[in-house]
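Open the structure in your viewer and have the selection tool ready. We will go stop by stop.

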Amino acid sequence: MKILEKIKAHKLIEIQQRKQIKSIEQLKLSELYNRASIDFKASILSKNNRAIIAEFKRQSPSKGVIHPDADVISIVKGYESNGAAALSILNDNHFFGALETDFANARASVNLPLLQKDFILDEYQLVEAKAIGADAILLIAKMLPVERIKVLANYAHQLGLQVLLETHTEQEILDHLHTEFDLIGINNRDLNTFEVNIQHSIALANLLPQQAVKIAESGIQDANTLLELANNGFSGFLMGEYFMKTANPAEQLKALQQEIWR
Ligand SMILES: O=C(O)c1ccccc1NCC(=O)[C@H](O)[C@H](O)COP(=O)(O)O
């Protein structure tokens, strides 16, 4: 079974279990549910095509264990003080090792816009995202039919959440040209093979609407790659492993910032 199919099968069971534990009405009672979102897209646009979305993750299917005992509070504060435009916080336990408390701790520690990084299949998860203080969510084109993505994107917007659509193929981009997303990502990593190909993303970037806020996702391991993607129309860069594989992710971000703003 391919990794996204495995994740989807597991997530569907997880969602049913979570619904048994907390109803949508109960989620809506959370203090954070009614908070005004921070504008994720505006933060990306404020960084002159050098916007880094720094990710907090402990492990991944492609890389295995990366930083299992990472301290979310100190890392996200370090990301904030070193100029991240926004943060992506992994929220999946089974495949990415996220702790139930990671997102809440990140929310309580920084004033940056936060992407709740999970595998969204159901409206319930959108209410959950809002209730834990997310500003944006991810929808993965490969995981759901086109119409379902549209419905979830509309519902996310009704809740005040911005939407990052993740694509990887030409067809996925063409399928979604007529839906409103706040940001459109192209994943440099093929999630079937885990192969990273920056040139693939650069070639596809031309297919995105001119006004789309374009995010290059995954596999970025140096400043030159980031700058090449920026020169080809990407404004935001979702980077996780490059930071999290080090003992001090925030210092790694600081060094990268020095290189890209030189
Ligand atoms: O990274 C994986 O192994 C993976 C597998 C299956 C679904 C999603 C996966 N990654 C999630 C991500 O989107 C990345 O964490 C994110 O783009 C950052 O990538 P990187 O800079 O390579 O850590």
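This is a predicted model: local features need pLDDT of at least 70, side-chain atom pairs count only at pLDDT 80 or more; totals for chains, interfaces and linings use all residues.

Stop 1: Select residues 4-256. UniProt, in an unreviewed entry, lists this range as "domain: Indole-3-glycerol phosphate synthase". Over these residues, the chain is 41% helix and 17% strand.

Stop 2: Show the strands as a cartoon.

Stop 3: Select β7, residues 162-167, and β8, residues 183-187. They pair in the parallel sense over 4 bridges. Pick Glu166, then find its bridge partner in β8: Gly185.

**Stop 4**

**Stop 5: around the ligand.** How many residues surround the ligand? There are 16, and the closest are Ser60, Ser62, Ser218, Gly240 and Glu241. Two elements each give two or more residues to this shell: β10 (236-239) and α11 (241-244). Colour the shell by residue type and you get 7 nonpolar, 5 polar and 4 charged.

**Stop 6: Ala106.** Find Ala106 in helix α5, residues 102-109. Is Ala106 buried or exposed? It has 27 other C-beta atoms within 10 Å, and the cut-off for buried is 20 or more, so Ala106 is buried. Leaving out residues up to four places away in sequence, Ala106 touches Phe56, Val72, Val76, Leu87, Ile89 and Leu114. Now draw a distance from Ala106 to Asn232. They are 126 residues apart in sequence and 32 Å apart in space, C-alpha to C-alpha.

Stop 7: Most residues other than glycine have a negative phi. Select Asn49, in the loop between α3 (40-45) and β1. Asn49 is not a glycine, yet its phi is positive, about 60°. It counts as partly exposed because it has 18 C-beta neighbours inside 10 Å.

Next, select Phe194, in the loop between β8 and α9 (198-205). Phe194 has a positive phi of about 70°, and it is not a glycine either. With 14 other C-beta atoms within 10 Å, Phe194 is partly exposed.

Definitions and conventions: Residues are numbered from 1 along each chain as its sequence is written. UniProt positions are given in the numbering used here, feature names are shortened, and annotations may be inferred rather than shown by experiment. Two strands pair if DSSP finds at least two bridges between them. A residue is near a molecule or strand if its C-beta atom, placed from the backbone, lies within 6 Å of it. Ala, Val, Leu, Ile, Met, Phe, Trp, Tyr, Cys and Pro count as nonpolar, Asp, Glu, Lys and Arg as charged, and the others, Gly among them, as polar. A residue is buried if 20 or more other C-beta atoms lie within 10 Å of its own, exposed if 12 or fewer, and partly exposed in between; C-beta atoms are placed from the backbone. Two residues are in contact if their C-beta atoms, placed from the backbone, lie within 7 Å.
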